[in-house]
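Trainee: Before we discuss the aromatic rings and the cores, could you take me through the criteria behind each label?
Mentor: Let us look at the model and then set each value against its definition.

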Amino acid sequence: MATIGLSAYGMAGGELVELAACADELGFDTLWLGEHVVRPLTQRSAHPTSGTRQHHSGPLVAERTELIDPWAVHAAIAAVTTGIKLGTAVYVAALRHPLHTARTTITVQELSGGRVVFGVGVGWLEEEFDAFDVPFRTRVSRTEECLAILRAAWRGEPFSHHGRHFRIDRVQVHSRPVDIPVVLGGNGPKALARAATLGDGWFTSGTPEFDDALRMVREIRRVREQHGRPGPFTCYVRIPSVDEVGRYRDHDMTDLVLWADTVWQGRTLDEKRDRLAAAADRLGLVSRSSGDPPAAAAGRSQRRRSGSALRMGDDVPRRVQNTGARSAGVRDTRPQNSRAGANGARTARDEHRGEVSLLRPLKAAESVARMIVDEIKTKGLQPGDSLPLEATMLKQYGVSRESLREGLRLLEVQGMISIRRGPGGGPVVGTVDAGHLGRVSALFYNMADATYEELLEAWVWAEGELAERAARNPDAQLRSARMTPYLTDHDGSAEGLAPYLEGHTAFHRAVADLSNNRVLALSLQTYGQIVSHHVAVLSDPRSLRDVLVDEHRHIAEAVISGHARRARALMRSHLEGVTAFVRENIPVPLDQPIEWL
């Protein structure tokens with residue numbers, strides 16, 4: 001089966017854990033960590049691939065190179081991933097005692113549930129060997145002896161070893177056998193022969209040219225056939241870019257590895273995750289999770305989001321903070337039946353246990369408006385249902401006619417009710433509509449001098465967040481039911497503008513509903529409402545229909561498959577296209593405050 005992996009070197013441990021969690025969810029098969037233990041301040045040695053076209057054009061061990069212990073990092077990665085294999089590319093085994101390496105590899109193998117791939121090389125940095133007081137000239141025989149000892153230790157039985165470099169008398173490293181595949185690295189003839197005869201696989205050194213990679217793979221297969229070793233053997237080949245995958249696989253090089261920093265790019269972690277998700281999409285990878293992503297990774301992502309969120313007391317205006325006691329003037333005057341008189345104040349529920357409260361009681365009109373809303377919800381009234389007549393409500397709520405009518409006007413302005421005029425008329429339940437919220441929001445944006453450019457930036461970010469949350473919805477059947485209508489195209493070329501806009505809005509509303517956060521979903525729908533109100537009057541967005549329908553389909557597929565990061569990246573890309581159209585057609589300068597109405 002073909003695989004695609006990532007090879008990382010020079011990254012800090014924390015970022016490698018982030019990379020691994022994202023790569024695991026996106027469906028990458030392997031993550032390979034390179035290593036060096038020290039940076040010699042005086043370095044004469046050159047990497048064997050120096051002078052050739054390689055990914056690394058500068059020194060591999062420079063002053064600012066991040067050096068890590070790959071096994072410590074893989075142990076952390078094992079805790080936040082479930083499927084990606086954890087490899088080293090490569091581990092310089094000759095620098096350590098093999099019993100210590102055996103103990104470490106067994107521990108990580110069991111922590112990861114059997115996902116370790118032991119990639120080993122003989123080493124090339126002579127000054128590093130000098131630092132360990134290990135003779136550089138013995139590195140090949142020492143590596144081969146290390147492998148013999150490791151395989152004895154991994155069998156889970158007592159063993160002894162008496163060799164050129166190590167003497168071990170009757171020890172047992174583990175109580176049971178542990179299966180760890182060995183992959184040897186190196187591009188020279190001796191390295192290829194060593195991998196073919198001693199290893200379970202081979203890993204390219206650097207990023208060889210296509211013709212060189214093909215030649216080396218064929219040589220390894222020839223040597224294995226010559227030595228009568230026809231069993232499974234994997235050739236891991238580093239390639240320069242995503243675009244080259246098809247070319248290599250056409251020549252039977254199926255297990256490919258990309259340098260991580262070619263697809264994990266950006267100024268922030270979110271940008272890097274998006275770039276990796278875009279690469280996964282181009283590679284045709286399928287999310288490893290059919291529902292939720294790995295629990296540990298999801299928890300880590302949640303902590304990451306909450307860590308950057310506004311906490312109570314952070315830069316909040318002093319007037320809305322409470323010192324611990326309930327604010328003066330805020331008291332619950334409502335009787336047990338939840339009905340208050342004309343001076344009804346905020347309830348204990350609203351005071352939220354004294355953490356935050358307003359500094360004034362509600363006006364009578366506001367209090368009656370709240371009670372009307374409570375009754376609509378309690379009785380389960382639907383849009384279009386009639387509310388009691390004015391005389392009935394005056395008696396029911398115990399307020400003046402002036403206060404009742406003002407309260408009704410408050411609800412009418414918000415779209416919560418409508419007033420039918422004439423005989424048989426009266427208040428009627430309205431619809432909770434993002435359009436009403438959008439109009440109110442636009443007023444506050446205008447008062448704050450918030451610009452259209454800021455609105456578009458927030459819209460792109462917010463819709464991406466909603467798509468990610470939608471793909472994380474634990475109800476796979478619900479995800480499928482809500483998104484399946486958008487998997488097939490329809491001939492809408494002749495549809496009117498209003499049906500077109502409603503269809504586009506319906507898709508985004510379905511994604512928002514799956515996010516399982518009604519506050520976020522309703523609030524973010526207002527962005528699109530404001531933009532649509534100002535753009536549609538100047539230009540016809542139906543020219544984008546085919547592109548948008550296709551993009552909706554890809555987003556729907558990602559949500560259905562539970563591919564959260566990909567859904568986020570695709571939605572952001574989709575919104576970037578939409579906002580590009582808006583920027584070209586909006587009738588006011590983008591640096592102008594958002595207009596109200």
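Mentor: A residue is buried if its relative accessible area is under 20%, exposed if over 50%, and partly exposed in between, with a 1.4 Å probe and protein chains only. Of the 597 residues of the chain, 47% count as buried. The model is predicted, so that local features need pLDDT of at least 70 and side-chain atom pairs count only at pLDDT 80 or more, while totals for chains, interfaces and linings use all residues. Residues are numbered from 1 along each chain as its sequence is written, and side-chain values use heavy atoms, with hydrogens and water left out.

Trainee: What makes tryptophan 71 and phenylalanine 118 a stacked pair?
Mentor: Rings of Phe, Tyr and Trp (its six-membered ring) pair if their centres lie within 6.5 Å, and planes under 30 degrees apart count as stacked, over 60 as edge-to-face and the rest as tilted. By this rule there are ten aromatic pairs. For tryptophan 71 and phenylalanine 118 the centres are 6.1 Å apart and the planes make 20°, which gives a stacked pair. Tryptophan 71 belongs to helix H2 (residues 70-78) and phenylalanine 118 to strand S5 (residues 116-121), 47 residues apart; helices (H or I, at least four residues) and strands (E, at least two) are DSSP runs, numbered from the N terminus.

Trainee: Why are tryptophan 71 and phenylalanine 118 called buried?
Mentor: Tryptophan 71 counts as buried because its relative accessibility is 3%, and phenylalanine 118 is buried because its relative accessible area is 0%.

Trainee: Why is the pair of phenylalanine 210 and tyrosine 248 called edge-to-face?
Mentor: Their centres are 5.0 Å apart and their planes make 80°, and the pair is accordingly edge-to-face. Phenylalanine 210 is buried because its relative accessible area is 8%, and tyrosine 248 counts as buried because its relative accessibility is 2%.

Trainee: How do you know that arginine 247 lies over the face of phenylalanine 210?
Mentor: A charge sits over a ring if NZ of Lys or CZ of Arg is within 6 Å of the ring centre and within 35 degrees of the ring normal. Arginine 247 meets this rule, at 3.9 Å from the ring centre of phenylalanine 210.

Trainee: What makes a set of residues a nonpolar core?
Mentor: Its members are buried Ala, Val, Leu, Ile, Met, Phe, Trp, Tyr and Cys residues joined through side-chain atoms within 4.5 Å. The largest such core has 77 residues, and Phe118 is among those that touch the most other members. Helix H1 (residues 13-26) supplies the largest share of this core, eight residues.
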